[in-house]
Amino acid sequence: MSASTPIRIAGATAAVALTGFLGYAVYFDYMRRHSPEFRKGLKKQHKKLAVAAEAQSKAEKERNSKLLRQALVEIQLEAVPSSPEQQEAYFQEQVAEGEKTATMGPEYQVKSASHFYRALRVYPQPLELLGIYQRVVPPPVWALLIELTSLSGASAASSSGPASTAIPPPPQASVADIDDASPVVGEAPSPTSASASQGSGTDWEKVSEEAA
């Protein structure tokens with residue numbers, strides 16, 4: 001067998017496959033134009049696909065909501081750093097984890113939102129930070145973060161008595177409020193600098209780089 005034989009076989013196979021594909025395309029176009037029953041079948045198929053996609057989206061949303069409620073319980077039981085230095089280190093750590101997990105795929109989006117929310121808890125100007133998040137956080141994670149913030153508000157409202165372990169959530173805001181409170185892109189003070197009249201000058205480097 002010569003060396004060119006496998007190449008000829010591969011070429012012939014590709015030619016047959018291409019001919020078959022073109023033939024089906026011509027048949028499909030003809031039936032779509034001339035057969036009402038064929039068009040009706042296509043519409044039914046498209047409708048089934050749309051229903052299946054909607055069901056999958058609904059199931060995913062319910063799953064994420066459940067995971068967010070579980071994450072909120074865990075977060076509320078965690079102690080918040082007390083000193084400014086500890087708060088700043090905690091803030092930087094949670095933002096870094098949020099950024100990392102946001103790039104790891106849809107299954108990590110709830111985890112990413114949870115880390116960004118933890119950082120939000122210790123930030124003295126939550127509306128300002130939400131404005132930054134809105135620009136630099138991936139939209140799916142941003143939506144989960146807003147849902148988590150809303151859940152925390154509902155949880156705080158339903159908690160009563162001095163023994164409650166719920167941590168006061170950041171104030172909720174509309175998108176308009178967030179836009180009004182947003183600082184200049186690339187300028188994001190650390191928790192310690194934002195809480196004093198003369199800050200440390202430490203920038204939120206990773207988020208600032210993305211926003212720039």
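The structure is a predicted model, and the secondary structure of its protein chain amounts to nine helices and zero strands. Of the 212 residues in the protein chain, 31% are buried.

**Fold and contacts**

- When contacts in the protein chain are taken between residues at least 6 apart in sequence, 69% of them join residues at least 24 apart.

**Nonpolar core**

- The largest nonpolar core holds 26 residues, and the residues with the most contacts inside it are F91, Y117, Y133, V137 and L145.
- Two or more residues of this core come from each of the elements α2 (36-77), α3 (84-102), α4 (109-122), α5 (126-136) and α6 (139-158).
- Among the elements, α4 makes the largest contribution to this core, giving seven residues.
- As general background, nonpolar side chains in soluble globular proteins tend to be buried together.

**Nonpolar patch on the surface**

- L18, F21 and L22 form a nonpolar patch on the surface, and together these residues have about 330 Å² of accessible area.

Note on methods: Residues numbered from 1 in each chain as written. Predicted model: local features only at pLDDT ≥ 70, side-chain atom pairs only at ≥ 80, totals over all residues. Heavy atoms only, no water. Helix = DSSP H or I, 4+ residues; strand = E, 2+ residues; numbered from the N terminus. Buried < 20%, exposed > 50% of the residue type's maximum accessible area, 1.4 Å probe, protein only. Contact = heavy atoms within 4.5 Å. Core = buried A, V, L, I, M, F, W, Y, C linked by side-chain atoms within 4.5 Å. Patch = residues over 30% accessible without salt bridge, like charges linked within 9 Å, V, L, I, M, F, W, Y side chains within 5 Å. Areas by Shrake-Rupley, 256 points an atom, 1.4 Å probe, with all protein chains shown as cover. Salt bridge = Lys/Arg side-chain N within 4 Å of Asp/Glu carboxyl O.
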